[in-house]
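I opened my notebook to go through this structure piece by piece. Here is what I looked up, entry by entry.

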Amino acid sequence: MTKINEPLYVAISLDIDPDANNAVKGRYDALSSPVEQGAVRIEACKRGLQKILELLDIFDINATLFYEARTAQMLVADGVDLPKLSERHEVSCHSLKHEDYLGKVSGVPMEEASIEESITKAKEILEKIFGRETRGFRAPYTRINQAVVNVLERLGFQYDSSETVALGTEWKGCPFLLEKFDADLLELALPTFPDSKGKKMSSYLWAIFEGRRVSSDYIDATLRARETAKGGLFIFSIHPWHLYVDCRGKPFHEEQATQNLEHLEYILSRLKQMQGVQIIRQDAYLDHWLLS
Ligand SMILES: [Zn+2]
C-alpha cells in the first residue's frame, strides 16, 4: 500500500515520573537525584506536567501520557485532579516505581514473576485512578527484555513504546511486531536520526534543557521525516520535571526554566502549523494504522 498521500504523524508523549529519577545499586525502584538522600520527589514533575498540559490545551494537541503509577498516586495525593487534566489525552503505563527490570544499573535483574507483579499493580492503579484501560507501555530507561515483553503480552497491553530505532530506508516509523521477542505485541518505536551535521540524536527533548541541543534540531528532523517517513509515526518524548530541574536534580534558574518553556512552546507551535504533519495520540495512530 502506498503511503504517498499520507502525512507524517507526530505524537507528543510524556514520561511522567519522579524528578531527576535514577536507578540505584541494589534496589529495583528509582529515586530522585541525589539518590543518597533516599527520596522520591515530584515537585518539579507536578509543575512541569501542569504547565505542559496547559500548553497542549492552548495548541489543541492530544498527547500520550505514560504515567509511572507511583507518581500518579503521589500527584493525586497532592491534590492534582489527574483524571480531569488528562481527559483529552491517552493514558499509558510507565511502570510501577520506575524499576530497572534488566538490572543494568541496579545490578539486580528482576525475575519475570516480580516484573509481572509490579506491572500488574501499576496497571491496576492507573486504571483505578483514570477509570479507563491502558493500552500502551513504555519501560523505565526504555529498556525491555524477553521477560518484560512476555508480561506485557499476558497483561493484554496492545503496544510497547520503548524500543529505539533509526529512521531511514529500513524503518519509516510504522508499527512492527516485536518478532525478536517472538511476540504478537506491537512496537511504536522511538526514532533516532542524524542532525544536520550527521550526528545521531533522539527525539527526547531533554537535550534542549541540558543545553546540548537547540529547538531547530528537532524541527529540521521533523521536516526531513516528513519527506521520508510519510504515514509513519514520529514520537517526541518529554519528562515534565526536566523543565524545572536538571538531570542531577538541581533546580534551573527561573530564567532558564522560562527559556525551557519557550523552547517547548516553539516546537509545539511549529509542529502544529507544519503542512503535511498531523499530531496524533499513539493509540489513535495505532487504530488508524490497523485499519489501513
Ligand atoms: Zn521514566
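How many bridges join β1 to strand β13, and do they run parallel or antiparallel? I found 6 bridges between β1 and β13 (residues 233–238), running parallel.

**Ground rules.** I noted that this is a predicted model, where local features need pLDDT of at least 70, side-chain atom pairs count only at pLDDT 80 or more, and totals for chains, interfaces and linings use all residues. Residues are numbered from 1 along each chain as its sequence is written, and side-chain values use heavy atoms, with hydrogens and water left out.

Entry 1: I wrote down what a strand is here: a DSSP run of E with at least two residues, while a helix is a run of H or I with at least four, and both are numbered from the N terminus. Two strands pair if DSSP finds at least two bridges between them. I reminded myself that strands of a sheet pair through backbone hydrogen bonds, either parallel or antiparallel.

In β13, I found Phe234 as the bridge partner of Val10. I then looked at β4, which β1 joins by 4 bridges, running parallel. There Tyr67 is the bridge partner of Ile16. β1 also pairs with β14 (residues 277–279) in the parallel sense, over 3 bridges. In that pairing, Tyr9 stands opposite Gln278.

Is β1 buried or exposed? 9 of its 9 residues are buried, so β1 is largely enclosed by the rest of the structure. Buried means under 20% relative accessible area, exposed means over 50%, and partly exposed lies in between (1.4 Å probe, protein chains only). I checked both faces of β1, and both are covered. Leu8, Val10, Ile12, Leu14 and Ile16 are buried on one side, and Tyr9, Ala11, Ser13 and Asp15 on the other.

**Entry 2: a sheet of 3 strands.** I found an open sheet in the order β8-β11-β12, with mixed pairing. β8 and β12 are the edge strands, each pairing on one side only. Strand β8 (residues 164–166) pairs with β11 in the parallel sense over 3 bridges. Val165 has Pro191 of β11 as its bridge partner. β11 and β12 (residues 200–202) run antiparallel and are joined by 3 bridges. Here Pro194 stands opposite Lys200. The hairpin of β11 and β12 has 5 residues between the strands, and Gly198 takes a positive phi near 90 degrees.

Why is β11 called largely enclosed by the rest of the structure? I counted on burial: 4 of the 5 residues of β11 (residues 190–194) are buried, so the strand is largely enclosed.

**Entry 3: α4 against α5.** I looked up how these helices meet. The axes of α4 (residues 112–130) and α5 (residues 146–154) come within 9 Å and cross at roughly 45 degrees. Axes are lines fitted to C-alpha atoms, for helices over the stretch in contact, with angles from 0 to 180 degrees between N-to-C directions. α4 and α5 are therefore oblique to each other. Angles under 35 degrees count as roughly parallel, over 145 as roughly antiparallel, 65 to 115 as roughly perpendicular, and the rest as oblique.

Which residues meet (contact means heavy atoms within 4.5 Å)? Glu112, Ile115, Glu116 and Ile119 of α4 meet Ala147, Val148, Asn150, Val151, Leu152 and Arg154 of α5.

**Entry 4: Asp160.** I found Asp160 in strand β7 (residues 159–160). At 0% relative accessibility, Asp160 counts as buried.

Entry 5: I found a cis peptide bond joining Ser33 and Pro34, with omega about -5 degrees. Pro34 lies in the loop between β3 (30–32) and α1 (43–58). His98 is not a glycine, yet has a positive phi of about 55 degrees. At 2% relative accessibility, His98 counts as buried. Tyr141 has a positive phi too, near 60 degrees. At 22% relative accessibility, Tyr141 counts as partly exposed.

How values were computed. Contact = heavy atoms within 4.5 Å.
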